[in-house]
Amino acid sequence: MRKIKQWTAMGLATVMAMSLSACGSGKTAETTTAAPAETTKAAAAAETTSAGAATSTEPVELKFSWWGGDTRHAATEEAIKAFQAKYPNITVTPEYGAWNGWEEKQSLNILGGNAADVMQINWNWIESYSQGGKSFANLEDYSDVLDLKQFTPESLDLCKVDNKLMAVPISLTGRLFYWNKTAFDEVGVALPTDLDSLYKAGEAFKAKDPDMYPLALGEYDRMILMVYYLESKYGKNWVEDGTVNYTEEEVKDGMDFITGLEDKHVIPTLATISGDMADSLDKNAKWIDGKYAGIFEWDSSASKFKKALEGSVNKPGQEFVVGEFIKMGNNNGGFTKISMAFAIGANSKHPKEAAMLINFLLNDPEGVKIGSTERGIPCSAAGLKILQDNKLGDPLTIEANTKVMNYSKFTLDAKFEHNDLKANPDGVYYKVFGKLSSKELDSAAAAKELIKGVTDTLEN
């Protein structure tokens with residue numbers, strides 16, 4: 001499976017009237033945007049495909065699994081009800097939860113032949129768990145009910161194994177900074193835009209309250225931010241041609257950067273975060289009540305942090321804003337990736353009806369309107385047009401996605417998110433950054449251990 005290409009080369013997202021972005025196709029905005037009549041016709045065709053798909057009235061039961069926050073859960077359950085109303089013979093049983101531990105559970109189901117009929121999957125699952133194209137159904141076999149013409153060939157190619165389409169991309173995403181502006185205003189310091197202002201924020205927060213920090217990062221967040229720093233400074237992809245593209249000395253520099261964030265009171269230690277006794281940062285009382293004032297998060301996941309902040313009982317009225325990318329060198333650090341995709345388990349007894357559900361969620365006007373931007377900005381041309389025409393979508397997600405697509409230019413290797421690397425608590429990232437934070441490893445040893453762990457994964 002090829003690694004994700006630079007989305008500028010694929011034609012970044014098309015910025016339309018609402019600044020919505022879709023998966024690119026190697027053309028300019030003018031050429032990737034269908035003429036209004038053509039796009040409307042495409043959306044209508046997608047609806048017709050879905051509406052005419054129920055070729056049987058026999059009772060069908062489907063299982064649908066996904067992870068996410070409360071707003072995604074609510075929207076998806078509403079979409080399921082609408083789908084069932086449209087196809088009364090199909091019953092959909094939902095299975096959902098938070099991200100923590102989700103991949104481990106679902107990987108066992110996939111590899112054991114017990115996967116849900118329809119699965120929301122991470123892009124890297126295609127390589128990690130497809131077993132050479134055997135674990136997921138080939139979606140091209142169901143193109144009569146799933147309109148694949150709404151997706152660019154390039155985006156579909158990224159979801160293929162052995163020339164079989166293992167999934168369809170839902171959205172494209174990248175990481176950027178979000179801030180609790182209320183907390184920064186209380187401290188009396190500007191939102192960071194470069195390293196100097198980030199370090200000054202750390203000093204100001206410490207002076208205001210030693211329990212307050214301008215930014216909070218878990219282990220995996222630290223890995224992604226370190227790569228962002230290295231890309232910004234050295235201008236290279238993290239992995240190139242299946243090999244770590246940085247020397248031990250360069251990675252040591254990245255480790256020193258992360259340690260420096262702790263030393264300068266920009267981020268709390270991992271022991272501090274662990275002591276907060278929260279399953280995830282959006283559920284952490286220190287985030288909710290403004291003690292932690294910033295995150296580095298996917299544009300498709302930020303809404304749950306915003307909702308948590310706005311739901312604070314102890315400190316109502318806090319303002320959550322999209323930040324600027326922090327300049328850390330002469331290059332624009334950061335990468336974009338397929339945020340998530342929909343796949344059908346190879347074990348499904350009703351793959352055609354499962355494909356109908358996917359089409360409803362991604363291409364059908366009713367399903368698209370309900371889902372809105374809960375899973376990010378649609379890759380489906382029909383889905384994008386539906387949101388645009390109806391002026392739907394979370395403004396925060398749209399703003400963030402547009403910023404990401406315009407800024408981040410580096411590529412993501414397919415194994416960056418491999419479970420051997422990012423699993424909590426046994427993945428390489430968690431072990432290395434945990435030891436670095438606890439001072440069990442110095443920066444040189446941490447760099448060496450990280451490179452070895454990543455290299456072992458790349459070679460397997």
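Figure 1. Asp241 is exposed, with a relative accessible area of 69%; exposed denotes over 50% relative accessible area, buried under 20%, and partly exposed the range in between, with a 1.4 Å probe and protein chains only. This is a predicted model, in which local features need pLDDT of at least 70 and side-chain atom pairs count only at pLDDT 80 or more, whereas totals for chains, interfaces and linings use all residues. Residues are numbered from 1 along each chain as its sequence is written, and side-chain values use heavy atoms, with hydrogens and water left out. Asp241 sits in the loop between strand S7 (239-240) and strand S8 (243-244). Helices (H or I, at least four residues) and strands (E, at least two) are DSSP runs, numbered from the N terminus. The phi angle of Asp241 is near 55 degrees, a positive value in a residue other than glycine. Most residues other than glycine have a negative phi, and most peptide bonds are trans.

**Figure 2. Positive phi at Lys391.** Lys391 belongs to the loop between helix H16 (381-389) and H17. Its phi is near 50 degrees, which is positive in a residue other than glycine. Lys391 is exposed, its relative accessible area being 71%.

Figure 3. Asn424 and Pro425 are joined by a cis peptide bond with omega of about 15 degrees. Pro425 is placed in the loop between helix H18 (419-422) and H19.

**Figure 4. Packing of helices H10 and H19.** Helix H10 (residues 248-263) packs on helix H19 (residues 428-437) at an angle of about 50 degrees, and their axes are 10 Å apart. That angle makes H10 oblique to H19. Angles under 35 degrees count as roughly parallel, over 145 as roughly antiparallel, 65 to 115 as roughly perpendicular and the rest as oblique; axes are lines fitted to C-alpha atoms, for helices over the stretch in contact, and angles run from 0 to 180 degrees between N-to-C directions. The crossing of H10 and H19 is right-handed, the near helix being turned clockwise from the far one by less than a right angle, with anticlockwise giving left-handed. H10 contributes Met255, Ile258, Thr259 and Glu262 to the contact, and H19 contributes Val432, Phe433, Leu436 and Ser437; contact means heavy atoms within 4.5 Å. By class, this contact has five nonpolar, two polar and one charged residues. Nonpolar covers Ala, Val, Leu, Ile, Met, Phe, Trp, Tyr, Cys and Pro, charged covers Asp, Glu, Lys and Arg, and polar covers the others, Gly among them.

**Figure 5. Buried side of helix H13.** Within helix H13 (residues 302-310), Ala302, Ser303, Phe305, Ala308 and Leu309 are buried. These buried residues pack against helices H3 (70-86), H12 (285-288) and H17 (395-407), and against strands S6 (168-180), S9 (294-298) and S10 (320-322). In the protein, buried residues make up 59% of the 460 residues.

**Figure 6. Surroundings of Asp221.** Asp221 is part of helix H9 (residues 219-234) and counts as buried at 15% relative accessibility. Leaving aside neighbours within four places in sequence, Asp221 is in contact with Arg175 and Phe296. Asp221 and Ile295 are 74 residues apart in sequence, yet 8.9 Å apart in space, C-alpha to C-alpha.

**Figure 7. Cys159 and Cys379.** The structure holds zero disulfides, a disulfide being a pair of cysteine sulfur atoms within 2.5 Å. For Cys159, the closest cysteine sulfur is that of Cys379, at 8.4 Å, too far for a bond. Cys159 counts as buried, at 0% relative accessibility.
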